[in-house]
Amino acid sequence: MYENKTKRSLKTTSQTGNAGGLLLELFARPNESPNSLSKISGINVLIYNNTLKNEMPIYIPTGTSAVINLEKSVANQLPSPYSSCVENIDSIDGHDSYLFKFLISENHTYSQEVCYLMHIQSEIIKKCVCYYVVFHNMNDSRPCTDEKDNICVFEVIQSLVEQGYRKKIENLCPKECLSIKHNYQIFYSKFPTENYVIFSLE
């Protein structure tokens, strides 16, 4: 963890609720460049517990205050023949799937959700000839940056969702026996208030 370019120790908490959470006040200005194609302004927040940052971002628009409640659930299933989950997710031989082997070979923690996202990334790279910057890159392709790229990314994701891609690639992305899932609740309110602005300028 870095703060003002200085390495700091990780901050931990054992208390639930707003008082025990992380509080950030961020100032995000819209891109005023005449060449900018930005349609919206705001901040993407990523919450993950994985060396592979492939969780979907939480979008927070400017001019708002957001409270994000995080719930962690742990499930532990019995392996075959009781279920189809994969028990050995630390070994590259744990499952015969190129997506599974890619994640393990890159020293990333395997999860079915991350595997699904990497399948989407592989399709984006194949059809858009660039990688979606929100997900981990799978090769030396360039990042998707301009409007044409973003349209292509949207069309690929929309097509996969409409086709029910998860059901089709269950054999490529097996469920791990021990899985950790994070659920979010997000509450928005207008920020800042007029009184807070006056107070901040004094």
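Predicted model: local features only at pLDDT ≥ 70, side-chain atom pairs only at ≥ 80, totals over all residues.
Let me begin with the overall layout, where the secondary structure of the protein chain comes to five helices and six strands. If you follow the chain from the N terminus on, the elements run β-β-β-β-β-α-α-α-α-β-α. The chain has 202 residues, and buried residues make up 26% of them. As for how the chain meets itself, if we take contacts between residues at least 6 apart in sequence, 57% of these join residues at least 24 apart.

Now to the disulfides, and for those new to the term, a disulfide is a covalent bond between the sulfur atoms of two cysteines. With sulfur atoms within 2.5 Å as the cut-off, the count here comes to four disulfides. How are the bonded cysteines paired when we number them in sequence order? The pairing is 1-8, 2-7, 3-6, 4-5, and I would like to take you through three of these bonds, one after another.

Let us start with the disulfide that joins C85 to C177, where the distance from S to S is 2.1 Å. C85 lies in the loop between β5 (64–76) and α1 (98–105), while C177 lies in the loop between α4 (165–168) and β6 (178–190), so this pair ties together parts that are 92 residues apart in sequence. The torsion about the S-S bond of C85 and C177 is about 85°, and the disulfide is therefore right-handed. Both C85 and C177 are buried.

The next disulfide is formed by C115 and C173, whose sulfur atoms are 2.1 Å apart. Here C115 sits in helix α2 (residues 112–128) and C173 in the loop between α4 and β6, so that distant parts of the chain, 58 residues apart, are linked. For C115 and C173 the torsion about the S-S bond is about -70°, which means that this disulfide is left-handed. Why does C115 count as buried? Because its relative accessibility is 0%, and C173 likewise counts as buried because its relative accessibility is 0%.

The last one I will show is the disulfide between C128 and C152, with sulfur atoms 2.0 Å apart. This pair links helix α2, which holds C128, with helix α3 (residues 147–162), which holds C152, and the two cysteines are 24 residues apart. The link of C128 and C152 is left-handed, with -95° about the S-S bond, and both of these cysteines are buried.

That brings us to the packing of helices, and in general two packed helices are described by the angle between their axes and the distance between the axes. How do α2 and α3 cross? Their axes come within 10 Å and cross at roughly 130°, and α2 and α3 are therefore oblique to each other. Their crossing is right-handed. On the α2 side the residues that meet α3 are H119, I120, E123, I124, K127 and C128, and on the α3 side they are D149, C152, V153, V156, I157 and L160. By class, this contact of α2 with α3 has eight nonpolar, one polar and three charged residues.

Finally, a word on α1, whose buried residues are L99, F100, F102, L103 and I104, and these residues pack against α2. After α1 comes N107, whose phi is positive, near 60°.

Key
Residues numbered from 1 in each chain as written. Heavy atoms only, no water. Helix = DSSP H or I, 4+ residues; strand = E, 2+ residues; numbered from the N terminus. Buried < 20%, exposed > 50% of the residue type's maximum accessible area, 1.4 Å probe, protein only. Contact = heavy atoms within 4.5 Å. Axes fitted to C-alpha atoms, helices over the stretch in contact; angles between N-to-C directions. Parallel < 35°, antiparallel > 145°, perpendicular 65-115°, else oblique. Left-handed = near helix turned anticlockwise from the far one by under 90°. Nonpolar A, V, L, I, M, F, W, Y, C, P; charged D, E, K, R; others polar.
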